[in-house]
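This briefing is intended for a reader who is meeting the structure for the first time. Please keep the sequence and the model in view while reading.

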Amino acid sequence: LFKQPESTHIGDCPICLLPLSIDGKKSTTMVCCVQVVCLGCALANDQREIRESLERKCPFCRHPIPKSQADIDMSIKKRAEMNCPAALRWIGLECYTKGDFGSAFKYYTKAAGLKDAQAHYELANMYYDGIGVEKNEKMENHHLEQAAIAGQWEARYNLGNNEGNKGNIERAVKHYIIAASHGDDDAVDA
């Protein structure tokens, strides 16, 4: 649990292979293939397409960018049917936002089963809040640990909080140090 992962759960840009920033404003998710690419690669692709008067395409999979919400939904659904963890998590988030917590739980669980760290984190939050499921500290910690092991820094920070609340200061500090090393400002302040 305390082995520090080499990178965050976000991983690297699949185009330039540089680590993706934990700042979500510095990357974008391509809705056609549900790949996260850095803004530098997305911008370079956009500039090339404008300069050469090309049709807008995804910089990763090269499929045309969906033009309508219906096209986006169809693309995400198609990826989810292929058990793409990011697509399953995306649908889970949409369900959660709409208040369909049972479906959100189902999609997050399936994505977590496919080793999606963010889905584990979302499940931990559902167990913590008791939204869509009964409050369960044991299940919350299980999903936080799985997410933290995969490099999810927010889960690592929350584990630090949980350990601190139990009086396990040394364990809390270890979690905070790992979270801070991935850029979590809250962990630095803790």
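The points below cover the overall fold, the strands, the cores, the pockets and selected residues.

The model is predicted, with local features requiring pLDDT of at least 70 and side-chain atom pairs counted only at pLDDT 80 or more, while totals for chains, interfaces and linings use all residues. Residues are numbered from 1 along each chain as its sequence is written, and side-chain values use heavy atoms, with hydrogens and water left out. The secondary structure comes to 9 helices and 2 strands. Helices (H or I, at least four residues) and strands (E, at least two) are DSSP runs, numbered from the N terminus.

**Overall fold**

- Along the sequence, the elements follow the pattern β-β-α-α-α-α-α-α-α-α-α.
- The C-alpha atoms fill a box of roughly 60 × 35 × 20 Å, taken along the principal axes.
- The chain has 190 residues, of which 38% count as buried. Buried means under 20% relative accessible area, exposed means over 50%, and partly exposed lies in between, for a 1.4 Å probe and protein chains only.
- Of the contacts between residues at least 6 apart in sequence, 44% join residues at least 24 apart; a contact means heavy atoms within 4.5 Å.

**The strand pair**

- β1 and β2 run antiparallel and are joined by 4 bridges; two strands pair if DSSP finds at least two bridges between them.
- T28 has V37 in β2 as its bridge partner.
- The two strands, β1 and β2, form a hairpin with 4 residues between them, and V34 in the turn has a positive phi of about 55 degrees.

**Nonpolar cores**

- A nonpolar core is a set of buried Ala, Val, Leu, Ile, Met, Phe, Trp, Tyr and Cys residues joined through side-chain atoms within 4.5 Å.
- The largest nonpolar core has 20 residues, and those with the most contacts inside it are V34, I76, A80, C84, A87, I91 and Y108.
- At least two residues of this core come from each of α2, α3, α4 (101–113) and α5, and α3 gives the largest share, 5 residues.
- A87 touches V34, I76, R79 and A80, when residues up to four places away in sequence are not counted.
- A second, separate core of 11 residues includes C13, M30, A42 and I65.

**Pockets**

- A pocket is an open set of points on a 1 Å grid over the protein atoms alone, where a 1.4 Å probe fits, with protein on both sides within 12 Å along at least five of seven lines; its lining residues have an atom within 4 Å of a point. Grid points are joined across faces, edges and corners, and a volume is the space filled by probe spheres set on the points.
- The largest pocket has a volume of about 910 Å³. Its lining has 29 residues, of which H9, I10, V36, R89 and Q118 lie nearest the centre.
- β1 (27–30), β2 (35–38), α3 (85–98), α5 (117–129) and α7 (153–165) each supply at least two residues of the lining of the largest pocket. The largest share of that lining, 6 residues, comes from α3.
- The lining of the largest pocket divides into 13 nonpolar, 9 polar and 7 charged residues. Here Ala, Val, Leu, Ile, Met, Phe, Trp, Tyr, Cys and Pro count as nonpolar, Asp, Glu, Lys and Arg as charged, and the others, Gly among them, as polar.
- The second largest pocket has a volume of about 320 Å³. It is lined by 14 residues, of which C32, H63, P64, S75 and K78 are the closest to its centre.
- The lining of the second largest pocket comprises 8 nonpolar, 2 polar and 4 charged residues.

**Selected residues**

- Most residues other than glycine have a negative phi.
- S53 has a positive phi, near 55 degrees. S53 lies in the loop between α1 (39–51) and α2 (69–81) and is exposed, with a relative accessible area of 66%.
- R62 also lies in the loop between α1 and α2. Phi of R62 is positive, near 70 degrees, and R62 is partly exposed, with a relative accessible area of 41%.
- A124 is placed in helix α5 and counts as buried at 1% relative accessibility. Leaving aside neighbours within four places in sequence, A124 is in contact with E140, H143 and L144.
- E163 lies in helix α7 and counts as buried at 10% relative accessibility. Apart from neighbours within four places in sequence, E163 is in contact with N168, R171, A172 and H175.
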